[in-house]
Every structure is written in C-alpha cells, then in structure tokens.
Amino acid sequence: MPVRTAAEWIRKNSHALAGRDPDQPLEDLRPLAPLVRDAKIVALGAAARQTRELSVVAHRIVRLLVEQEGFRTVALEGDVPARLGLDVHVATGEGDPRELLAEARAFWQTREILDLVGWMRSYNQRHPEDPVRFAQPPDKPLRHTARPDGLAALERTLADDVVSWQEQSDDKVVYWGGMAHTAVGDPRTVSPSQPPETHRNMGGYLRERLGSDYRSIGLTLARGSIGVPLPAPGADFVDAVLSAAAADRAGYILNLRAPRPEPVRRLLDAPTRTRLIGPSYDPQDDAAHHLAGGALATWFDIVVHTERVTPARPLP
C-alpha cells in the first residue's frame, strides 16, 4: 500500500524533534543544518500562524541558522520592523518590545514573537561586532511592465522585497511567514478563498530567480487546537501520511530531496492538498482549508512536522 510504504519510509528517514522551548539545546535540529547552509534565503512557511509549537520550532530554526550557519537577517512576513522600531530595539535596546509589538499585525502580537525579539537583542549584546538584524524594505521598489493585481501582485512584491534586501545586504536571510506564500507554487491554489486564488506565489518567484539558493521549509501540523479544535487531517490530505509517520514522536525533520523508492516518490510527487489554517478557520469545514495545485516534494525541500499544536499566547 503506497500510503503505508511512504509512512514507513518517512519514519525511518526522518529525525525526531525534542525541543519544546525556544532556548533549549539545538542538537535535534542539527540534521537540518547541512540541508540549508549554502542557501541565500531560507523560508519557514507555517501551516498556521496562531500556534505555539510552530512558532517555537521556527524560533529554534532561526537560532540554528544564526548561531551556527551564518545567517544574519530575519524577515518577518507582513510587517516592516523599521515601522515598529523593532530593528532599532534589537540593535540598541531602545524601546519596550511589548509596546512595539502592540503595533504589529495581529498574528505577530504573541509571546512567542516577543521571545524571538528578546533573543535577537540578547544575541546582539553578545556579538556586537557581528549582529543579527531585521530585513528592511527596498529604497526603490521594483516596477514591472505587466504587473498582476490583488494577491498575485502581493506575491511578486514579497519576492521582490526579500531578494532586494538580500542583494543589498549580502546577508543570508531566514524568512518567517505563511506556507501559502513560501511554498514553491508555480502556480498554487489557496482555499477557502472565494473563488480559490490560483497564481504563482512568492516561493515560485524565488525559486525561478534563485534556483537552489532558495530553500523552502514547510512547517506542517496534524491536530490539536488553535483556540478552536483542529481535527486530524482527512485521508485526502498529505498531512495524514505525515501524521502516520510520526508514531509516538512529537515531530520530526524530513529531507524531501533524499533518495526515495519508487512508491514513495510517486506519492510525494503526486498532486495533493496540505493543511492551511488561516484566521477564518472553521473546524466544521476543515477540508476546505488547504493549499493545492502542487505536490509536497514540489512545494518544499524540507518538512518539519509537528503532530499536536496548542494556541499561541497573546501578549498581555
């Protein structure tokens, strides 16, 4: 049976996650390092923004890339840290990070993001000669002769901005955002938007421009709560295979570029759906919330799967 074969292969070829807090040792993440260290931009695309566990694993990956692999820019999708004063805070300590985050997009107003900002400031205090910083918007936005409208235009703008910063700064960049944007979609479909949005996304543009210098990491999930119950994924979601492979593990790292036997290759390269949980999620219509139009091994170079999630903690 292909699904069972794929789950068994994933179980044998993945690396268990152990850390549950952002400041825990990074030994469990070390298998990720050689898979991304030579990239210019590494994107962490979360299936849901509003979970503690995906935020913690993203924070720990940021730590790994900065502390051990020479990445020096963090890009937070959907906000400009300079507008908030967060870039100045991590550089100098000026300002109260809680008050600064109170002006951010709602999905960044969490204790988990406050922890990230605190860690960046602490890192810079320890390494004043080689600091980590937030990405800045380009001085001169790129202009295109034929520019699409709406969400399709946003996707190109997201790609333009992060590429411009990387080229200007010559930093290796870790980009923390939503899976709908970071997956390599050429095109991809986001549901349950009405009608579903189908177009090339940021990840598609970045892969076209950068090739393997862009690495896409999918932060997937299975079940738990985001403030409302999140049921186990249905059988028509590739997440069901990822969940079956978890066994008794809280999560794991899977290299989707590793050699795969033919039955596994066929399943992971086949068109599928993966969970995509936005702010308007309805657990009574769980199947409607997904990313489609591609395959797991097309969207992502690496999957970091978390089996059970809980809600992110809002700032007091």
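I began with the surface: the protein chain exposes about 13,600 Å², and carbon and sulfur atoms supply 51% of it. Areas are Shrake-Rupley values with a 1.4 Å probe, and for residues only the protein chains shown count as cover.

I noted the ground rules. This is a predicted model, where local features need pLDDT of at least 70, side-chain atom pairs count only at pLDDT 80 or more, and totals for chains, interfaces and linings use all residues. Residues are numbered from 1 along each chain as its sequence is written, and side-chain values use heavy atoms, with hydrogens and water left out.

**Overall fold**

I found 13 helices and 13 strands in the protein chain. These are DSSP runs numbered from the N terminus: helices are H or I of at least four residues, strands are E of at least two. Buried residues make up 54% of the 316 residues; buried means under 20% relative accessible area, exposed over 50%, partly exposed in between (1.4 Å probe, protein chains only). The C-alpha trace spans about 55 × 50 × 40 Å along its principal axes.

**Arg 72**

I looked up Arg 72 in the loop between α3 (52-69) and β3 (73-76). Arg 72 counts as buried because its relative accessible area is 12%. What does its side chain meet in a polar contact? I found the side chain of Asp 130, at 2.8 Å. A polar atom of the Arg 72 side chain also lies 2.9 Å from the backbone oxygen of Val 66. A polar contact is a pair of N or O atoms within 3.5 Å; within protein, one must be able to donate a hydrogen and the other to accept it, and residues adjacent in sequence count only if both atoms are side-chain atoms.

**Helix α10**

I listed the buried residues of α10 (residues 202-210), among them Tyr 205, Leu 206 and Leu 210. The buried residues of α10 pack against β2 (41-46), α8 (150-169), β5 (173-178), α9 (179-182) and β8 (214-225); contact means heavy atoms within 4.5 Å.

**Backbone exceptions**

Most residues other than glycine have a negative phi, and most peptide bonds are trans. I logged a cis bond joining Asp 186 and Pro 187, with omega about 0 degrees. Ser 191 to Pro 192 is also cis, with omega near 15 degrees. Asp 170 has a positive phi near 60 degrees. I placed Asp 170 in the loop between α8 and β5. Asp 170 is exposed, at 65% relative accessible area.
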